Amino acid sequence: MTLEVAPAARRKRPKRAKEQIVEIPVSLIDTGLNNRTVFDDDELAELARDIAERGLLQVPCVRPVGSRYQLVYGERRFRACLLLGWTLLPVVIRTLDDTQAFTAMLVENNQRKDPDPIDQAQGFQRAIDEHGWSVQQIYEHTRVKTQVINARLNLLRLHDEYQKMLRKGQLDLVLAELMVNLDHNRQAVAVRVLTSVSRRPTIAEFRRVVSDLFKEQVAEQQQGMLFPDLEQLWREKLEAAAATGKRARKQRLPLNPAIPPPQRFKRNWWFANQMHDYAEQLRAAGFTEGGDAIDHVVEMAIECGILEADESQF
């Protein structure tokens with residue numbers, strides 16, 4: 001079969017650049033290369049309306065495969081044009097081998113503002129499994145930071161159910177990333193704790209939940225130790241925290257009730273300066289040595305680079 005390529009019709013589209021834009025029948029275009037698997041129906045409908053009003057401002061790319069074409073990138077635009085009932089699609093045709101086509105697709109997908117993290121992870125894993133790329137090579141092609149690449153790859157260690165929750169927005173990415181070192185049973189415990197309490201845990205609280213579960217997992221693997229029911233324990237801690245307005249914690253430091261507590265710390269001011277202010281508060285209350293000790297700690301933390309301060313306020 002000879003591929004027939006029709007000249008582009010007079011439909012709103014970008015000016016021709018070095019690569020010629022042509023129209024081909026949508027019936028000759030196959031998808032399947034794209035690692036993106038989630039397409040929101042409402043977003044596609046909105047994109048279709050935009051294309052109907054302003055034209056196709058960026059055309060998809062295809063490559064010849066036998067007597068047909070394979071879509072390399074631009075699947076959202078392709079799907080939106082199908083919603084509009086287009087029978088011909090303006091495209092750029094490139095002759096690409098499998099690796100070149102995969103690279104173009106992966107780069108295009110990772111240039112989006114909101115890539116699905118599981119789609120990203122699966123794309124990176126395909127680069128490793130099918131094309132033999134290292135994490136550094138993925139970075140060189142996509143310019144996605146190596147820390148992000150590794151973090152996305154780790155998401156594939158989540159149970160399929162929790163990957164689906166992440167895709168649907170039912171599980172925050174930062175919380176999912178905390179769970180990746182847990183086995184599937186303990187991931188289930190972590191999710192139950194997260195979703196069964198009246199107040200959703202903060203990131204810090206959930207990190208403590210996961211930390212306890214991971215310690216239990218390691219001890220069980222290495223020593224066969226048994227731990228208390230951590231799920232029930234953390235549910236009770238989180239419910240108590242919700243009732244008192246305090247954070248759920250494993251252990252609190254013993255405090256001297258005779259020493260005045262500091263004022264509530266502000267998030268938008270240097271912590272070192274606030275600690276110094278508390279030191280002055282203690283001196284004014286007659287706890288000179290306590291104030292001096294706090295200043296010693298603050299000074300050491302600044303010297304070590306742990307804290308920063310507005311030193312003009314000292």
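The expected span of a helix is 1.5 Å times one less than its number of residues. Helices (H or I, at least four residues) and strands (E, at least two) are DSSP runs, numbered from the N terminus. This is a predicted model: local features need pLDDT of at least 70, side-chain atom pairs count only at pLDDT 80 or more, and totals for chains, interfaces and linings use all residues. Residues are numbered from 1 along each chain as its sequence is written, and side-chain values use heavy atoms, with hydrogens and water left out.

**Helix 1**

Helix 1 covers residues 41–54. Its 14 residues should span 20 Å at 1.5 Å a residue, and the end C-alpha atoms are 20 Å apart, which agrees. Leu-44, Leu-47, Ala-48 and Ile-51 are its buried residues (buried: under 20% relative accessible area; exposed: over 50%; partly exposed: in between; 1.4 Å probe, protein chains only). An α-helix has 3.6 residues a turn, so residues three or four places apart point the same way. Asp-42 and Glu-53 are exposed on the other side of helix 1. Helix 2 (75–83) is part of what covers the buried residues.

At the start of helix 1, a side-chain oxygen of Asp-40 comes to within 3.0 Å of the backbone nitrogen of Asp-42. Gly-55 follows the helix, with a positive phi near 90°.

**Cores**

A nonpolar core is a set of buried Ala, Val, Leu, Ile, Met, Phe, Trp, Tyr and Cys residues joined through side-chain atoms within 4.5 Å. The largest has 28 residues; Leu-155, Tyr-162, Leu-171, Met-179, Phe-206 and Leu-213 touch the most other members. Helices 7 (160–167), 8 (173–179), 9 (184–196), 10 (203–223) and 11 (230–244) each give two or more residues to this core. Helix 9 supplies the largest share, 6 residues. Apart from this core lies another, of 21 residues, including Val-59, Val-62, Leu-71 and Val-92.

Asn-110 is in helix 3 (residues 98–110). Val-180 is in the loop between helix 8 and helix 9.

| Residue | Relative accessible area | Contacts |
|---|---|---|
| Asn-110 | 13% | Gln-120, Phe-124, Thr-142, Val-144 |
| Val-180 | 7% | Asn-154, Leu-155, Arg-157, Leu-158, Gln-187 |

The side chain of Asn-110 reaches the backbone oxygen of Leu-106 at 2.8 Å. A polar contact of 2.8 Å also joins the side chains of Asn-110 and Gln-120. A polar contact is a pair of N or O atoms within 3.5 Å; within protein, one must be able to donate a hydrogen and the other to accept it, and residues adjacent in sequence count only if both atoms are side-chain atoms. Val-180 and Arg-143 are 37 residues apart along the chain, and their C-alpha atoms are separated by 24 Å.

**Whole chain**

The protein chain has 13 helices and 5 strands. Its radius of gyration is 28 Å, whereas a compact globule of 314 residues would have one near 20 Å. That radius is taken over C-alpha atoms, and the globule rule is 2.2 Å times the number of residues to the power 0.38. The C-alpha trace spans about 90 × 55 × 35 Å along its principal axes. Buried residues make up 39% of the 314.

Methods: Contact means heavy atoms within 4.5 Å.
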